[in-house]
Amino acid sequence: MASNTMTNLPPRRKPVGSVSRWLQAADAGTSESAADLLWSRFGFRLVRLARRQLRSNNDCAYDEEDLALSTLFEFYQRAQKGSYPRISNRRDLWKLLAVISLNKSRNLHRFHQRIKRLRGEPEDVELFDLV
């Protein structure tokens, strides 16, 4: 098991409270702390998943923590708009987060392949708007 050397990684302890209540708060847009609670609950797992998904990524500017944060940000933004009415428990939420992360990592890979075909090496292109 890899050591947790990054200072921004979430703690491994599980936060108190129901994931279902956090989801309801996110849907209603009533709780800023719901995003923090979701990061505390799923952040570490998302970073581990992203690390596996980005194994072949040679881009120093976009790492596993960036992918995990981007995944949660996208989920939270869409949840506030009511896009996920069927997510009712942590297992459903984890599956959704894994799919979002996988899609983002695939998009990043496609982006790098496109840049290599067009320019050679992806040096000056801004990733964060495209992933």
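This is a predicted model: local features need pLDDT of at least 70, side-chain atom pairs count only at pLDDT 80 or more; totals for chains, interfaces and linings use all residues.
Residues are numbered from 1 along each chain as its sequence is written, and side-chain values use heavy atoms, with hydrogens and water left out.

**Exercise 1. Overall composition**

Task: State how many helices and strands the protein has, and what percentage of its residues count as buried.

Solution: 
- Step 1. Helices (H or I, at least four residues) and strands (E, at least two) are taken as DSSP runs, numbered from the N terminus.
- Step 2. The protein has four helices and zero strands, and the order of elements from the N terminus is α-α-α-α.
- Step 3. Burial is assigned by relative accessible area: under 20% is buried, over 50% is exposed, and partly exposed lies in between (1.4 Å probe, protein chains only).
- Step 4. Of the 131 residues, 39% count as buried.

**Exercise 2. Aromatic pairs**

Task: Identify the two aromatic pairs found in a search of the whole structure, and classify the geometry of Phe 42 with Trp 94.

Solution: 
- Step 1. Rings of Phe, Tyr and Trp (its six-membered ring) pair if their centres lie within 6.5 Å; planes under 30 degrees apart count as stacked, over 60 as edge-to-face and the rest as tilted.
- Step 2. The search of the whole structure gives two aromatic pairs.
- Step 3. For Phe 42 and Trp 94, the ring centres are 6.2 Å apart and the planes lie at 10°, so this pair is stacked.
- Step 4. Phe 42 belongs to helix H2 (residues 33-53) and Trp 94 to helix H4 (residues 90-119), so the pair ties together parts that are 52 residues apart in sequence.
- Step 5. Phe 42 and Trp 94 are both buried.
- Step 6. Phe 75 and Tyr 84 form a stacked aromatic pair, with 5.3 Å from centre to centre and 10° between the planes. Phe 75 and Tyr 84 are buried.

**Exercise 3. Charges over rings**

Task: Determine which ring has the charged end of Arg 41 over it, and which has Arg 45 over its face.

Solution: 
- Step 1. A charge sits over a ring if NZ of Lys or CZ of Arg is within 6 Å of the ring centre and within 35 degrees of the ring normal.
- Step 2. The charged end of Arg 41 is placed over the ring of Phe 42, at 5.2 Å from its centre.
- Step 3. Arg 45 lies over the face of Trp 94, 4.0 Å from the ring centre.

**Exercise 4. Salt bridges**

Task: Locate the three salt bridges found in a search of the whole structure, and say which residues are joined into one network.

Solution: 
- Step 1. Side chains of opposite charge can pair when their charged atoms come close. A salt bridge here is a side-chain nitrogen of Lys or Arg within 4 Å of a carboxyl oxygen of Asp or Glu.
- Step 2. Arg 51 and Glu 64 form a salt bridge in which the closest N and O atoms are 3.5 Å apart. The pair links distant parts of the chain, with Arg 51 in helix H2 and Glu 64 in helix H3 (residues 64-80), 13 residues apart.
- Step 3. Arg 51 is partly exposed at 32% relative accessible area, whereas Glu 64 is buried at 17%.
- Step 4. Arg 78 and Glu 74 meet in a salt bridge at 3.4 Å, N to O. Both lie in helix H3, four residues apart, about one turn of the helix.
- Step 5. Arg 78 is partly exposed at 41% relative accessibility, and Glu 74 is partly exposed at 21%.
- Step 6. Glu 74 also meets Lys 104 in a salt bridge at 3.1 Å, N to O. Glu 74 lies in helix H3 and Lys 104 in helix H4, so this pair ties together parts that are 30 residues apart in sequence.
- Step 7. Lys 104 is buried, with a relative accessible area of 7%.
- Step 8. Through shared partners, the salt bridges join Glu 74, Arg 78 and Lys 104 into one network.

**Exercise 5. Helix crossing**

Task: Describe how H2 and H3 cross, including the handedness.

Solution: 
- Step 1. Axes are lines fitted to C-alpha atoms, for helices over the stretch in contact, and angles run from 0 to 180 degrees between N-to-C directions.
- Step 2. The axes of H2 and H3 come within 8 Å and cross at roughly 135°.
- Step 3. This makes H2 oblique to H3, given that angles under 35 degrees count as roughly parallel, over 145 as roughly antiparallel, 65 to 115 as roughly perpendicular and the rest as oblique.
- Step 4. The crossing of H2 and H3 is right-handed; a crossing is left-handed if the near helix is turned anticlockwise from the far one by less than a right angle, and right-handed if clockwise.
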